Amino acid sequence: MLDSSVLILNRLWQAVNWCTARRAFNLLYCGHAYVVHKNKDDFYTLDFFEWKEHSQGYNGHDVVHTVSFKIRVPKVILLLFFEKVPMKEVKFTRHNVFERDGYFCQYCGEKYDTAYLNLDHVIPKERGGKTTWENVVCSCIRCNSKKGNRTPQEAGMKLLKKPKKPKWRPLFISGKFPIDESWERFLDINRWEVNITE
């Protein structure tokens, strides 16, 4: 339970990161954060001691037991003294291209494990194509071989979508671990531009 994932909001209620429950409890106990708890359609905040009291009547499995009390693992915490949103350049890596394209070959549309994927230059390097977000796509080995050193048009192939630099897509959204439904209210992908990390 202490390794469970907890969403972190900044002081302006914007999602900025995630941490383990162990780290979240530390932030709560030190007074640096509140738990954000949903009750029906409303959200309210509780400090460590209020959350501890609230947890006593809870019978779910997502609790941590100490010698003298039990406490529920929070799903979302709100930092009290941090209001920045990280704005970083997206790193161009093989893994991040796979993440951007959802592990789907951008030619045949099939989803593959990374062992069966390549990166393909839409306009081949030998013909002036650059290694950029806008010219590199995820491709299965079969489609990559079929396309060869040609453009998609020359190979009689069509891209599923035009490649572009990704917007906010933290790894917790794209498959690293399950997303709790309580996070969804705070994860509006279209409003953010934050780093994809390796």
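User: What do β1 and β2 form, and how many residues lie between them?

Analyst: Start with the labels: strands (E, at least two residues) and helices (H or I, at least four) are DSSP runs, numbered from the N terminus. Here β1 and β2 form a hairpin with five residues between them. This is a predicted model, so local features need pLDDT of at least 70 and side-chain atom pairs pLDDT 80 or more, while totals for chains, interfaces and linings use all residues. Residues are numbered from 1 along each chain as its sequence is written, and side-chain values use heavy atoms, without hydrogens or water.

User: Which residue in the turn has a positive phi?

Analyst: Tryptophan 13. Its phi is near 65 degrees, a positive value in a residue other than glycine. Tryptophan 13 sits in the loop between β1 (5-9) and β2 (15-20).

User: Is tryptophan 13 buried, partly exposed or exposed?

Analyst: Check the cut-offs: buried means under 20% relative accessible area, exposed over 50%, and partly exposed lies in between (1.4 Å probe, protein chains only). Tryptophan 13 has 34% relative accessibility, so it counts as partly exposed. Tyrosine 103 also has a positive phi, about 65 degrees, although it is not a glycine. Its place is the loop between α3 (94-100) and β8 (117-121). At 17% relative accessibility, tyrosine 103 counts as buried.

User: In which sense do β1 and β2 run, and how many bridges join them?

Analyst: Strands of a sheet pair through backbone hydrogen bonds, either parallel or antiparallel. For a pair to count, DSSP must find at least two bridges between the strands. β1 and β2 run antiparallel, joined by five bridges. Look at two positions: leucine 9 has alanine 15 of β2 as its bridge partner, and valine 6 stands opposite cysteine 19 in β2.

User: What about β1 and β7: parallel or antiparallel?

Analyst: Parallel, over three bridges.

User: What is the strand order of the open sheet?

Analyst: The open sheet has five strands in the order β2-β1-β7-β3-β4, with mixed pairing. Its edge strands are β2 and β4 (42-46), and each pairs on one side only. From one strand to the next, the twist averages 35 degrees. Now turn to burial in β1: four of its five residues are buried, so this strand is largely enclosed by the rest of the structure.

User: Which strands does helix α1 lie across?

Analyst: Contact means heavy atoms within 4.5 Å. Axes are lines fitted to C-alpha atoms, for helices over the stretch in contact, and angles run from 0 to 180 degrees between N-to-C directions. Helix α1 (21-29) lies across β1, β2, β3 (33-39) and β7 (76-79). It runs at about 110 degrees to β2. Helix α2 (48-55) lies across β3 and β4, at about 115 degrees to β4.

User: Which residues of α1 are buried?

Analyst: Ala21, Ala24, Phe25, Leu27 and Leu28. Seen down the axis, these buried residues fall within an arc of 160 degrees, so they line one face of α1. That arc is taken from the directions between the helix axis and the C-beta atoms. After α1 comes glycine 31, with a positive phi near 80 degrees.

User: How many aromatic pairs does the structure hold?

Analyst: A pair of aromatic rings is described by the distance of the centres and the angle of the planes. Rings of Phe, Tyr and Trp (its six-membered ring) pair if their centres lie within 6.5 Å; planes under 30 degrees apart are stacked, over 60 edge-to-face, and the rest tilted. The structure holds five aromatic pairs. One of them is tilted: tyrosine 29 and phenylalanine 49, 6.2 Å centre to centre, with 55 degrees between the planes. This pair links distant parts of the chain, 20 residues apart: tyrosine 29 is in α1 and phenylalanine 49 in α2.

User: Are tyrosine 29 and phenylalanine 49 buried or exposed?

Analyst: Tyrosine 29 counts as exposed, at 54% relative accessibility. Phenylalanine 49 is exposed too, with a relative accessible area of 52%. The rings of phenylalanine 48 and phenylalanine 49 have centres 5.2 Å apart and planes at 90 degrees, so that pair is edge-to-face. Phenylalanine 48 is buried, at 9%. Tyr29, Phe48 and Phe49 form one aromatic cluster.
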